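Hi everyone, thanks for coming along.

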Amino acid sequence: MTTTTPALAAGTWTIDPVHSDITFSVRHLGVSKVRGSFTDFSGEITVSEDGTPSVTATIDVASVDTRNDQRDTHLRSADFFDTDNHATATYRSTSVRADGEDFIVDGELTLHGVTQPVALNLSLEGVGPGVQGGSVAGFEASTTINRGDFGINGGAGLVGEKVTLTFNIEAGHPEAPSN
């Protein structure tokens, strides 16, 4: 079942990477969490005339940043992301469902050359006027994946299997009237 989001005007809403972030957290040694982000990404939300949205996004996995160069280099290696062979991760939605006042975005995440179904818990944070005209919309989405499902098995016993991904997104629509 799909649902509509009447607050969003039809057309293409482009993700603004300057005002957005994609972050992750994963357990380290079972006692703490390591947090990081991907600093290079792009995407868009396309809203059909009937109000049904779809999402596509691409992440440059080599842009991983945990504020530790040695760890980031290790994450880019074949032990983890293997960015020489799998430079990007992509997400493509397949449906959107209402979940109270929020939404569940079902889709396919391709990471490390493996595609798996992934559902995002999504909230529309608001729609307002853009600084340069048009409208902007804010979204927050999150999910937890098992990195082993994507063939990322390095760090066994040191790094947890579950990875929480959070997407704080601002997207702009240059022609949409602001609400």
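A word on the ground rules. This is a predicted model, with residues numbered from 1 along each chain as its sequence is written, and local features need pLDDT of at least 70, side-chain atom pairs pLDDT 80 or more, while totals for chains, interfaces and linings use all residues. Side-chain values use heavy atoms, with hydrogens and water left out.

So, the largest pocket. By pocket I mean an open set of points on a 1 Å grid over the protein atoms alone where a 1.4 Å probe fits, with protein on both sides within 12 Å along at least five of seven lines; lining residues have an atom within 4 Å of a point. The volume is the space filled by probe spheres set on the points, which are joined across faces, edges and corners. Here that comes to about 620 Å³. The lining has 33 residues, and Phe24, Val26, Leu75, Phe80 and Phe81 lie nearest the centre.

Which element gives the most to this lining? Strand S2, with five residues. Others that supply at least two include strand S3 (32–38), helix H1 (69–76) and strand S11 (159–173); helices (H or I, at least four residues) and strands (E, at least two) are DSSP runs, numbered from the N terminus. By class, the lining has 24 nonpolar, six polar and three charged residues. Nonpolar covers Ala, Val, Leu, Ile, Met, Phe, Trp, Tyr, Cys and Pro, charged covers Asp, Glu, Lys and Arg, and the others, Gly among them, are polar.

The second largest pocket holds about 180 Å³. Its lining is made of 13 residues, with Gly130, Val131, Gln132, Val136 and Glu170 closest to the centre.

Now to the rings. The whole structure has two aromatic pairs (ring centres of Phe, Tyr or Trp, its six-membered ring, within 6.5 Å; planes under 30 degrees apart are stacked, over 60 edge-to-face, the rest tilted). Phe24 and Phe38 have ring centres 5.4 Å apart and planes at 40°, so this pair is tilted. Phe24 sits in strand S2 and Phe38 in strand S3, 14 residues apart.

Buried or exposed, what is Phe38? Buried, at 9% relative accessible area (buried is under 20%, exposed over 50%, partly exposed in between, with a 1.4 Å probe and protein chains only). Phe38 also forms an edge-to-face pair with Phe81, 5.9 Å centre to centre and 65° between the planes. Phe81 lies in the loop between H1 and S7, 43 residues from Phe38. Together, ring pairs link Phe24, Phe38 and Phe81 into a cluster.
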